[in-house]
Amino acid sequence: MTPDQCKYSSEHEWVYLDDDGVGLVGISQHAADSLGDVVFVDLPIVGDSMTQFGKMGEIESVKAFSELFSPVGGEVVEVNNILNDAPDLVNESPYEKGWMIKIKLNDASELDNLMTMSEYDNFVIQSEGN
Amino acid sequence: MSSPFTPNTEEHRKKMLATIGMDSVEDLFKDIPEKVRNPNLNLPKAMSELDLRAYASELSSRNVSAGEYTSFLGAGSYWHHIPAVVSSIASRGEFMTAYTPYQPEVSQGTLQVAYEFQSMICQLTGMDVANAGMYDGSTSLAEAALMACRVTRRNKVAILNSTSPLYTDVLDTYVQAPGIDLEIVEEGHMTLGDEIACLIVQQPNFFGYLEDMQNLANIAHDAGALLVVSVDPVSLGMFNPPSDYGADIVVAEGQGIGVPMSYGGPYVGIFACRQEFVRQMPGRIVGKTLDTQGKEAYVLTLQAREQHIRREHATSNICTSVALISLMMTVYLACMGKQGMRKVAELCYHKAHYAASLISAIPGFSIVEYGTGIFFREFTVRCPVPPKEVNQSLLEKGIIGGFDVSEYSENGLLLCVTEMNSREDIENLSDALREIGES
Amino acid sequence: MTSPLFSKLEQESRKLLMDRTVEGRIGATLPDLDVPEFDLPPSNLIREDLPLPEVSEGEIVRYFTQISQYNFSIDNNFYPLGSCTMKYNPKLNDLVASMPGFSNIHPLQDDATVQGALQLVWEVQEYLTEITGMAGTCLTPMAGADGELAGMLMARAYHLDRGDDQRKVVLIPDSAHGTNPASAVMAGFTVKTLPSDSEGNTDLDALQESVGDDLAGLMITLPSTLGLFDRNILEVTRIVRESGGIVYGDGANLNALLGRVKMGDLGFDVIHSNLHKTFSTPHGGGGPGAGPVIAGPRLVDYLPSPVICRENIDGRSVFKRSNPGQSIGRMGAFQGNFGVLARAFTYIRSLGGEGIRSISDDAVVNANYILERLKDSFDLPYERVCMHEVVFSARNLKNNCGVSALDVAKRLIDYGVHPPTMYFPLIVEEALMVEPTETESLETLDTFIDIMRTISEEAHSNPELLHDAPHFTPNTRLDEARAARFPDLRWRPSHEDSE
């Protein structure tokens, strides 16, 4: 999986859909960089149901805090519990080791509400400009 | 006007205004709408230090104070001995006139003290973690209730009716706005529903007696609620720490540990809990870390819980740890240490029991027992006449009496005995009560 | 800071009390038991172990004295910390607070036995009401944020009494201190952020758009955290009040306004004042403070309990505690931080009316002098007269030299000056917020200005010097991420595995 295969939300979460209809979710490199040193990630538990753009958890860095929003709706089937002990993986490897949850999607068409990587990159440049 | 606190003279001001490019000080205030600018200010004239000291001294002498009188008044604020070292350290300018330690490189003194404080609170209460201090015991209790609601995601709190009514009032102020229901429950008639976030118990209770904590802990935990204990820290010199009976959050008023009564403040609230709730705690927390050279040092940590980062999502709006008062408590605990804390507790215990034994032998007076009936340094007496009258008579004999609890217990007077009360004081109290009973 | 201790002694001073413990050492004495011994309760209630330090008195004094040297403080350093009003704390204040007739009185004593204390508290209430032009004061809130909570709970009670249950939204400017939104939420409100205009005033158009039937009120700091007096303030309070909202004033910056304008005359309904800022009580390394809540006519009946009243009985003044008619209840178990109130009392009586007025004059002159003399070295985001504090930006240094506000702040430590407030308010990039206060002399200000200019030059010539600062403190910069990722929050015996 590479960043250009992911779809992005305006809240800076990415989702990558695998062949089984399961979405892998994390935050973008841009989001990780803006937060700085991540010190704590609070994630849902397996079995929780997510709605698209609904609250998924919270992330804390030394000097910032942000809510996490699920880019797609569905049921949480796996959580990256390694982040409990190694939250710095979100900074080091936001698309691989720093993934957050896996979601069994309710409705794959929700992906159409998200941005491609190039659209997201433009979105970031525009919002920085403002 | 010249004052010793403003070094710049009229000459300085002129020079500075010239640099700024203004003709007068008035010009700097032009943004204030003219119709409200420069109002009349009706305040007394300045006083010299000599005159003011005399005036303040005169005001203070109009108060009846412990020491001048002997005192048996407790109910949340206690008269205890404070070693001279405590005020000597706490009045050092390096501690007293520093700001909150946001710049750790120039605040290691304050930060290291806070770490010592947190450590000693954990050791005293048996809990896993403690914060650096809250405003006082009552607000600490209210914040514990809010935290229990966050942790359990429930919206109702139960408080045992033997808890201080003053604390219950403060809790009531705090829970109304967030829409949390407050239920006052009675031991023996208690069924906690599955919507209760926590059961709040004071140990020893407001009337002086130990509660059966193991039983109350079971009731709370069976309902999936947390057990919040408001404990008397001086009692922990001899009694079991709350961790022994399964407390989830422990709060306390720290005043009895090295802090003068000062008519109600400043005090310090103790707040400790189990490790798993640490990120839900309110208040400042200090942690140990390393500097860029690998040397150990201390720093404010877990700050993402707090208002300056989380704003409307913060665990609390608090941004003080009452650091100077936590320092006093820390120095006191260092001085008293393992042996002294035990001894203070035992002095209170035996003296209170001596007082109770004398008073219970006076015709018309009896000891009223609540909870387990085992008491520490306070106990409730039923008087033959309204306690207000008893206190008035005591005052005439140079004794500050107890706290009138007749609202909760018929002709009830809550008496407190500490190491400050000598045998003679206690016998004088007993003699005075006997006279009142006979008249 | 004086010569730092890099010696073994310095290492020794960092050793915690529990690691100094030697069994049998004592640090205090207590009297022998002079009454008969009674049976102790059943042994299952008695604790077996009490893990507390065992150290001697002399060791304790030396330990705390040594670590005290690692602090900057007002008694030892210039402390231009914006929005914190780090002014000199007069020593008479402490002496008065510790008079035995004040420090040894119990908060639940009968009013008749504490008339001196009640008069003192009543006087402070009256002075604050007069200084701010409001209707009444309650001194019980124990910090600024506690005063905010009290004030917002009063606003809530006021709306509920009028059946205005739908008034839930509190407007808060983007420049506000974080306690404002946190307090509003604790009082049951939801928060909406209000932008500032290009001159740093409240954006009136945005305000007009935001007020409606759901408006509970506005929380605003005056002067703003940009150090500016909001020129639109009368319009702002009018709009909010006409829409049925309450105007809350955060008095953190009251040091700019004493005797120059009264908050009550500007249309504020309720405010708080930080006695540990404006009224010279010491900060104590992070408390205790006091945050009296001061109400205008609309909210005065809702003040917390108790307040102190004066009655005239047989030609004598008698003071007593009483509860306002619609009181929101108690903010604490007792009557607030009396020891802090006694200090503020002493300060106000020392200065008197004329002296109080001169505080703000000198504070504002000092800040504008720094503004004028540093504006060529540091960016000034708002080119106008400031009040008691001035906000600079280090964005040019950041862009040109890669030196941040943090680096400038840490380098100041090397020169013995406490850093200004950084990165606040949030709307100014690389903010450096400087508040000199009135208690600093022209000589000190000139030295500070020289240091700041030198640092600006160093940023260009030797940026590494700033990146590595501070150089002379017991510790260099700290690993804050490590502290938060692996919290080590208490001493543990060395044989126990750390978490």
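**Notes on chains B and C of a predicted model**

1. Let me start with the layout of chain B, which splits into domain 1 (70-82 + 337-438) and domain 2 (85-330); these bounds come from an automatic or database domain assignment. This is a predicted model, in which local features need pLDDT of at least 70, side-chain atom pairs count only at pLDDT 80 or more, and totals for chains, interfaces and linings use all residues. Residues are numbered from 1 along each chain as its sequence is written, while chains are lettered from A and ligands numbered from 1 in the order in which they are written.

2. On the overall form of chain B: its C-alpha atoms fill a box of roughly 85 × 55 × 50 Å along the principal axes. The chain has twelve helices and 15 strands, where helices (H or I, at least four residues) and strands (E, at least two) are DSSP runs numbered from the N terminus. Of its 439 residues, 62% count as buried. Here a residue is buried if 20 or more other C-beta atoms lie within 10 Å of its own, exposed if 12 or fewer, and partly exposed in between, with C-beta atoms placed from the backbone. Among contacts in chain B between residues at least 6 apart in sequence, 72% join residues at least 24 apart; two residues are in contact if their C-beta atoms, placed from the backbone, lie within 7 Å.

3. Now for how the two domains of chain B meet. Taken over C-alpha atoms, the centres of domain 1 and domain 2 of chain B are separated by 28 Å. Their contact takes 27 residues from domain 1 of chain B and 24 residues from domain 2 of chain B. On the domain 1 side, the elements giving two or more residues are α10 (323-360) and β12 (378-382) of chain B, and α10(B) supplies the largest share, seven residues. That side divides into 15 nonpolar, eight polar and four charged residues. For these classes, Ala, Val, Leu, Ile, Met, Phe, Trp, Tyr, Cys and Pro count as nonpolar, Asp, Glu, Lys and Arg as charged, and the others, Gly among them, as polar.

4. The contact of chain B with chain C takes 164 residues from chain B and 165 residues from chain C. On the chain B side, the largest share, 21 residues, comes from α10(B). The residues of that side divide into 80 nonpolar, 57 polar and 27 charged.

5. Within chain B, α10(B) also packs on helix α12 (residues 423-438), at an angle of about 25° and with the axes 10 Å apart. Axes are lines fitted to C-alpha atoms, for helices over the stretch in contact, and angles run from 0 to 180 degrees between N-to-C directions. α10(B) and α12(B) are therefore roughly parallel to each other; angles under 35 degrees count as roughly parallel, over 145 as roughly antiparallel, 65 to 115 as roughly perpendicular and the rest as oblique. Their crossing is right-handed, a crossing being left-handed if the near helix is turned anticlockwise from the far one by less than a right angle, and right-handed if clockwise. B:K351, B:Y354, B:A355, B:L358 and B:I359 of α10(B) meet B:I426, B:E427, B:L429, B:S430 and B:L433 of α12(B), giving seven nonpolar, one polar and two charged residues.

6. One residue to look at in α12(B) is B:R423. With 14 C-beta neighbours inside 10 Å, B:R423 counts as partly exposed. B:R423 and B:K351 are 72 residues apart in sequence, yet 7.7 Å apart in space, C-alpha to C-alpha. Leaving out residues up to four places away in sequence, B:R423 touches C:D34 and C:V35.

7. Over in chain C, helix α6 (residues 115-132) and helix α11 (residues 338-374) have axes that come within 9 Å and cross at roughly 50°. α6(C) and α11(C) are therefore oblique to each other, and their crossing is left-handed. Among the residues making the contact are C:L120, C:V124 and C:Y127 of α6(C) and C:F338, C:L341 and C:F345 of α11(C). By class, this contact has 13 nonpolar, no polar and one charged residues.

8. Helix α11(C) has another partner, helix α14 (residues 442-461) of chain C, packed at an angle of about 30° with the axes 10 Å apart. That makes α11(C) roughly parallel to α14(C), in a right-handed crossing.
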